[in-house]
Amino acid sequence: MNIVCVICSELLVPSDDVFHTPCGHIFHFVCLTQWLERSKSCPQCRERTTNTKIHRIYFNFSNSDSVIEDTCSLQDTIDKLKFQLLLKEKDVKHYIDKSETLTMQVNELKKEVRKVEKELNKKNTAIYALKEQVKYFKEQNLEIQNSNREVEQLKKKLENYKNIQTLLNASTKDVDEMISRTNDPNTLITYISVMKRELMVSLNKRRELRSKVRSLEQELTQALMERNFLSEECNKSKNLKAELIVYESEKIVLQNKLRELEKNISLMKMSSNFSSNAVHTSDELSDRKCCQMEVESTNKNEQSTDRTFL
């Protein structure tokens, strides 16, 4: 029994997946699913079908049965298969040639694309540089415009300042003439404000000068006080110097007395006897103590005078 699939026109083999539609026609599962993707109908009778309505068929053959195929049909299938193989080989060669030509074209196109990209990069860099130059020129133009505006403003200010300077340096008659000539209220307001400022500055200067005069007077009084104090100190120092001279003269007199006493003591020692040694020693000691007392008193007086002088 030779059953042919209507879609692919090939024989249905028991090992194939065979499905049937609700109308009873059988087909290969792959062929039927591909057909149903395009149209939801039976390929043979065009009855309405879907993927959920198709079911598989299982063929049961006994082992003794043998499928006898016709030699003509087999030869026909072989010829068909050979023809299909030839066609496919031709298609393969055609597609290989196409792929080679396409790869060649792709390589050439890649080269052209690279060239175009390089040119584009160059042009982009040139465009970027030109944009930067345009920005720079625009900025310079804006700066020039701003500077021109500033120059015009400065010229106006210069004219105003010249008028103000003439106002400040001119006499009252010239000032009255200038004010009578000016008709613009803004310039008059500026003149008045300048005069007010000058008045305020002169008042502030007067106040500063008065404060300086007061501070100088205070410094003068302090200097006079210091001068009086220094004169008093000079007088004191002069008195101390006179006293020092007196004390030095007294010191010299006392030193002379001391020398005379020492000479007398030495003479007394030579004339005295050995028996009166004890008495003489006691007198000598008393004389020495007296001399020492006098020397200490003179030293103390000298130290006190030195301290007072210092």
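**Strand pairing**

I started with Phe 19 and looked up its bridge partner in S2, which is Phe 27. The model is a predicted one, and I read it as such.

I then counted the bridges between S1 and S2: 3 join them, and the two strands run antiparallel.

Next I looked up the whole sheet. Three strands make an open sheet, ordered S2-S1-S3, with antiparallel pairing. I noted S2 and S3 (55–57) as the edge strands, each pairing on one side only. From one strand to the next, the twist averages 45°.

I also checked what lies against the sheet. H1 packs on the sheet and touches S1 and S2. The direction of H1 makes about 95° with that of S2.

**Core**

Which residues make up the largest nonpolar core? I listed 11 residues: Cys 5, Leu 12, Val 18, Phe 19, Ile 26, Phe 27, Cys 31, Leu 32, Leu 36, Cys 42 and Ile 54. The bridge partners Phe 19 and Phe 27 are both in this list.

I sorted the core by element. Strand S1 (18–20), strand S2 (26–28) and helix H1 (29–38) are the elements that give two or more residues to this core. H1 gives the most, with 3 residues.

As general background, nonpolar side chains in soluble globular proteins tend to be buried together.

**Val 18**

Last, I looked up the contacts of Val 18, leaving aside neighbours within four places in sequence. Val 18 is in contact with Leu 12, Val 13, Ile 26, Phe 27, His 55, Arg 56, Ile 57 and Phe 59.

How values were computed. Residues numbered from 1 in each chain as written. Predicted model: local features only at pLDDT ≥ 70, side-chain atom pairs only at ≥ 80, totals over all residues. Heavy atoms only, no water. Core = buried A, V, L, I, M, F, W, Y, C linked by side-chain atoms within 4.5 Å. Buried < 20%, exposed > 50% of the residue type's maximum accessible area, 1.4 Å probe, protein only. Helix = DSSP H or I, 4+ residues; strand = E, 2+ residues; numbered from the N terminus. Contact = heavy atoms within 4.5 Å. Pairing = 2+ DSSP bridges. Axes fitted to C-alpha atoms, helices over the stretch in contact; angles between N-to-C directions.
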